[in-house]
Amino acid sequence: MKKDCFQFETRIADLAEGRHDEAALAHVGSCSDCAEHLRQLQIILAAAHEPWAAAPVELVATVKGLMTPQPRTVFARLLRTSALAGARAIPDDVQVVLDVEEASMRVMYARMDAQWEVMGKLPSSAWTVELNARPLSTDEDGRFSFAVPAVEATRFAVLHNDLRVEVPPLQELLSSGPSNPR
Ligand SMILES: [Zn+2]
């Protein structure tokens, strides 16, 4: 870089941004290094001003593919229940309808001897279900069931794409009450 070039460095950047500068232009006209520098700056600035919609479809798809979707966790809300409102004891047999954000889901809880059985049906085959962070198997209609030793252990989660819906244990669901009582 010549002494003149150093002196014009920031002024050439200004030229690239469209500022009028006779002296800088004159230098660029007589210096191939700075002419090339200006040309590259102009390409970079033009690309920066390019609207996103102009990005090639394939490029956008590639960039999206590189980004790991961030899972979003929400809690299921109780829409309806067969349990009596305000009942203190947890019944031996309870049906609930849960709002799982994008759909609703019916789940049945039943006390069987020393354990609780939970049976549910996923909103669609696009959903999966997890118990203690382990996937549960479902039948072709999305039905699943599991048994746990205590009502406190009836917590599970249903997942759909990047959405994770935590279903609290039964006693918590019932104590929260229906979110939109009718
Ligand atoms: Zn120069």
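**Strand pairing**

Reply: Strand β10 (residues 163-167) runs antiparallel to β9, and five bridges join them. Strands here are DSSP E runs of at least two residues and helices are H or I runs of at least four, numbered from the N terminus; two strands pair if DSSP finds at least two bridges between them. This is a predicted model, where local features need pLDDT of at least 70, side-chain atom pairs count only at pLDDT 80 or more, and totals for chains, interfaces and linings use all residues. Residues are numbered from 1 along each chain as its sequence is written.

Me: Which residue in β10 is the bridge partner of Val158?

Reply: Val165.

Me: And what's in the turn between β9 and β10?

Reply: The two strands form a hairpin with two residues between them, and Asn161 in the turn has a positive phi of about 50°.

Me: Which way do β6 and β9 run, and how many bridges join them?

Reply: Antiparallel, with four bridges between β6 (residues 127-131) and β9 (residues 156-160). Glu130 stands opposite Ala157 in β9.

Me: Switching topic: how many helices and strands are there in the protein?

Reply: Five helices and ten strands.

Me: How much of the protein is buried?

Reply: Buried residues are 19% of the 182, where buried means 20 or more other C-beta atoms within 10 Å of a residue's own, exposed means 12 or fewer, and partly exposed is in between, with C-beta atoms placed from the backbone.
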